[in-house]
Amino acid sequence: MQSESNNAKSKYPDATSQSARLHRRAQQVLPGGNTRTTVFHAPYPIYAKSANGCRITDMDGVERLDFLNNYTSLIHGHLNPGIMEAVRGQLALGTCFANPTESEIALAEVLCRRTPSFERVRFSNSGSEAVMNAIKAARAYTGRPKIAKCEGVYHGSYDPVEVSLDSSPESWGDHAPARVAYSAGTPQSVLDDVVVIPFNETDLANSILEPEAGSLAAVIVDIMPNRAGLIPARAEFLNMLREFTRRHGIVLIFDEVITFRNGPGGMQVEWGVEPDLTTLGKIIGGGFPVGAVAGRAEVMEVFNPGKGKPPLPHGGTFNANPVTMVAGLAAMEQYSAPAIARLEELGERAREVCRSAFRSAEMPGQVTGHGSLLRLHLTESPLKSYRDARHGAADRQRFSVLHASMLNHGVFMAPSGLMALSTPMEEADIDRMGEALLHSLKELRRHDRETD
Ligand SMILES: Cc1ncc(COP(=O)(O)O)c(C=O)c1O
């Protein structure tokens with residue numbers, strides 16, 4: 001798809017494009033030309049120039065539908081008028097102070113009204129920081145050292161939650177998931193304090209957790225982890241984790257950095273399980289850097305500085321900065337129950353047009369996800385957990401063909417096949433994405449034949 005006002009044609013990759021040129025320039029000052037691993041894709045990423053609503057324009061003037069929305073964070077797409085007005089208003093007053101502002105109270109109040117398990121909130125600047133703070137809070141509250149997390153699940157850039165993030169068949173062990181370092185140089189002591197459980201395998205996970213109960217501060221889980229395939233948690237799996245953690249006085253943390261967009265109170269309300277703490281990010285900042293921990297007042301009390309040194313001192317120069325707070329407030333106020341219901345209907349339509357594209361292209365594939373999130377898979381095998389959904393080298397190669405073709409057909413999605421909708425989208429935008437996918441799957445089929 002190309003815009004009517006803009007006839008620039010996308011041909012990706014193209015060594016003469018502005019994006020390719022910028023990537024060469026970037027390599028002189030940034031390692032690999034990159035400052036955010038997740039936005040790199042070979043041979044070079046597309047450099048953004050501007051965006052409006054659900055459309056994004058690159059440095060070569062090519063406009064595409066934005067089905068990634070800064071990795072799910074722009075719930076209202078780009079340049080939402082309400083958010084822009086709130087931010088402009090705050091810019092005129094000052095951007096950050098060594099004082100609290102009313103805006104942080106207002107955003108915390110909105111969050112606490114949305115989700116019953118939120119009694120207190122603590123802001124930071126990223127989802128990774130939120131996860132770090134939640135784990136530190138659990139340790140301060142319980143006095144125990146270890147955490148449990150699921151194999152293949154991403155919770156941001158923090159050593160303990162990176163353990164076994166990209167385990168492979170060579171490293172993951174036969175039965176209970178092995179503890180595998182993600183980044184080079186991870187100390188053994190980090191691995192020793194992490195218990196890895198298989199997502200959605202209730203009995204095996206329970207049998208791994210029970211012997212560790214006395215030393216566990218927290219179990220952290222994402223109800224629908226993207227990196228593990230965007231497969232929703234089974235109710236019995238979450239119920240087991242809730243019952244196990246409650247019985248042993250362990251803090252149950254739900255990471256809703258991505259999934260908080262689903263349902264008016266996040267996926268925990270829809271799934272009917274209340275955690276002790278929840279980590280948030282992405283949409284609650286209205287397009288500005290944000291993170292938050294929200295949860296039970298008794299656990300959150302570890303942050304309270306009102307009675308002398310708190311068990312968990314927590315600073316942060318830009319925590320709850322008013323630009324983020326007013327943007328987040330404007331975003332959340334507009335994300336009403338009817339707006340959510342409409343977006344989730346579009347999500348159903350998006351998953352259906354993808355299924356239909358797989359059928360029409362006669363390509364094996366399926367789509368996972370829920371609400372306004374979806375993820376493509378190039379296999380028909382049943383998907384339950386990370387090990388089923390993981391991309392090997394051949395899958396990565398096929399996805400890079402699909403991704404390039406989607407770019408050339410006017411749709412910007414993640415190279416992994418993740419897509420996230422935004423409220424400015426219309427049914428016609430969803431259908432255009434489906435047409436682009438159909439063309440791209442046919443192209444992939446030709447590629448598969450040629451490389452057979
Ligand atoms: C589930 C989940 N948790 C935590 C994070 C980390 O958030 P941030 O990138 O803001 O540090 C992410 C980021 O994508 C995420 O998807």
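1. Cysteine 150 has isoleucine 197 of strand S6 as its bridge partner. Strand S5 (residues 146-150) pairs with S6 in the parallel sense over 4 bridges; strands count as paired if DSSP finds at least two bridges between them. Strands are DSSP runs (E, at least two residues) and helices likewise (H or I, at least four), numbered from the N terminus.

2. The model is predicted: local features need pLDDT of at least 70 and side-chain atom pairs pLDDT 80 or more, whereas totals for chains, interfaces and linings use all residues. Residues are numbered from 1 along each chain as its sequence is written, and side-chain values use heavy atoms, without hydrogens and water.

3. An open sheet of 7 strands has the order S4-S10-S9-S8-S7-S5-S6, with mixed pairing. Its edge strands, S4 (120-124) and S6 (194-197), each pair on one side only.

4. The residues surrounding the ligand (a heavy atom within 4 Å) include Ser126, Tyr154, His155 and Asp222. Among polar contacts (N or O pairs within 3.5 Å), a polar side-chain atom of aspartate 255 lies 2.7 Å from a ligand nitrogen atom. Ligand oxygen atoms lie 2.8 Å from a polar backbone atom of glycine 127 and 2.8 Å from a polar side-chain atom of lysine 282.

Terms used: Polar contact = N/O pair within 3.5 Å; in protein donor to acceptor, adjacent residues only side chain to side chain.
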